[in-house]
Amino acid sequence: MQVNMSFSHDMDDEYEKLIRRMNPPRVVIDNEACKNATVIRVDSANKHGILLEVVQVLTDLDLIVTKAYISSDGGWFMDVFNVTDQDGNKVADEEVLEYIHKSLGPEARFASSMRSVGVKQSMDSTVIELTGSDRPGLLSEVSAVLTNLKCNVVSAEVWTHNTRAASVMRVTDEETGLAITDSQRLARIKELLCNVLKGSNKTRGARTVVSHAVTHTDRRLHQMMFADRDYERVDDDVLDDKQRPDVSVVNLHDKDYSVVTIRSKDRPKLLFDTVCTLTDMQYVVFHASIDAEGPEAYQEYYIKHVDGSPVKSDAERQRVIQCLEAAIERRVSEDLKLELCTTDRVGLLSDVTRIFRENSLTVTRAEVATKAGKAVNTFYVRDASGYPVDSKTIESIRQAIGQTILKVKGNTEDAKTGSEESPTRFLFGGLFKSRSFVNFKLIRSYP
């Protein structure tokens, strides 16, 4: 049976390769057609998941999609994207434009979208995937366990939503700087992290996966939280009506489509989040229209399930609505944003998150990266008791971290202190040193 399944996959791949050779994709990038955006047109043979492939390429380049028109009814996929850079300007960088051509055009390396979108093998690091119940101090506990196990966190992304938490971490061995391959050590890491995730919560499960297969991090986080059913509402998780997206699903019986409309506050990666969720829920987008030129984004999708049917029941309709709401909300944060940039070292994440925990801050989202020997970390935090973060807490963190530069951004008025030059950030460099950071060796602080 395994041989037959492998043979079937090979036949599918060969068929898609043939179609691709007969109908190579065409990418046209036009900086003249629109006054305030770069227009990207992509025409290619249609296949399930191709819309996500295109959107993922644009999203990974940090491009903003202001308008889009998608049509893939039949054997051909045609779409048009109006995009800008992060500053709202047309895309003029020749390297970026060339990358788009190579990634989406005829030179793109063939890959079956459903088996390998955003997936690559890496032996440079070990990937750890974590899902479980969220609680104050969880990231601190996880980081402390990894430090004690001689693991260095190279990168990490943490999402929390609806009392659930998910993280994709990339770690290396502290001594060698390479991936951890010893099976007994990997089993020990998995066991201890799973114990931390379980905590005292016995009602919902915890899951830890250790591997060397690196998926596209954002897509994997969506898949993990979807599998963990974070879209199921709890009584104490009620968003303000202004924050909650407006999602509706209706059937066009004469066309056998279901029409999904989404109105929400616009933000980066919004299109990726919705397309990713529809794709992973096994829906095919046949037509779509996107308008995000103002502060509000409007998205309209004509969809069917991969089996060819529209949404069949009210229960299915509610599930689609809940899952799309969750996909949009996972990145939304009104919490205080802290940006840390300093020389990297083993145990840095553990020390920083411990100081947050000691000052009654809980991390709701985190992006941890290492670039050229520097740790570039972003944390979204809130008071563990639910109160706004005040200036005393910020001052305590300032004293504890010492010789680093920490930018503080957020919507809280209470966190403003000290710096008269810039009311939205603080420069925490070399003014204080606490016992907790006596061994915090810094060669240089970076602005």
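Predicted model: local features only at pLDDT ≥ 70, side-chain atom pairs only at ≥ 80, totals over all residues.
1. Four cavities of 30 Å³ or more are found in the structure. The largest cavity holds about 190 Å³ of space. Its lining is made of 22 residues, and D134, L138, L139, V158 and V363 are the closest to its centre.

2. Which elements each supply at least two residues of that lining? The helices are α5 (138-148) and α10 (348-358), and the strands are β6 (126-133), β7 (151-161), β8 (164-173) and β16 (361-371).

3. By class, 12 of its residues are nonpolar, seven are polar and three are charged.

4. Now for α5 and its packing against another helix. The partner is α6 (residues 183-198): the two axes lie 10 Å apart, and the helices pack at an angle of about 160°. Angles over 145 degrees count as roughly antiparallel, so α5 is roughly antiparallel to α6. The crossing of this pair is right-handed.

5. Which residues make the contact between these helices? From α5 come L138, E141, V142, V145 and L146, while α6 brings I189, L192, L193, V196 and L197. Sorted by class, the contact of α5 with α6 has nine nonpolar residues, one charged residue and no polar ones.

Notes:
Residues numbered from 1 in each chain as written. Heavy atoms only, no water. 1 Å grid on protein atoms, 1.4 Å probe; cavity = no way out; pocket = protein on both sides within 12 Å on 5 of 7 lines; lining within 4 Å. Points joined across faces, edges and corners; volume = space filled by probe spheres on them. Helix = DSSP H or I, 4+ residues; strand = E, 2+ residues; numbered from the N terminus. Nonpolar A, V, L, I, M, F, W, Y, C, P; charged D, E, K, R; others polar. Axes fitted to C-alpha atoms, helices over the stretch in contact; angles between N-to-C directions. Parallel < 35°, antiparallel > 145°, perpendicular 65-115°, else oblique. Left-handed = near helix turned anticlockwise from the far one by under 90°. Contact = heavy atoms within 4.5 Å.
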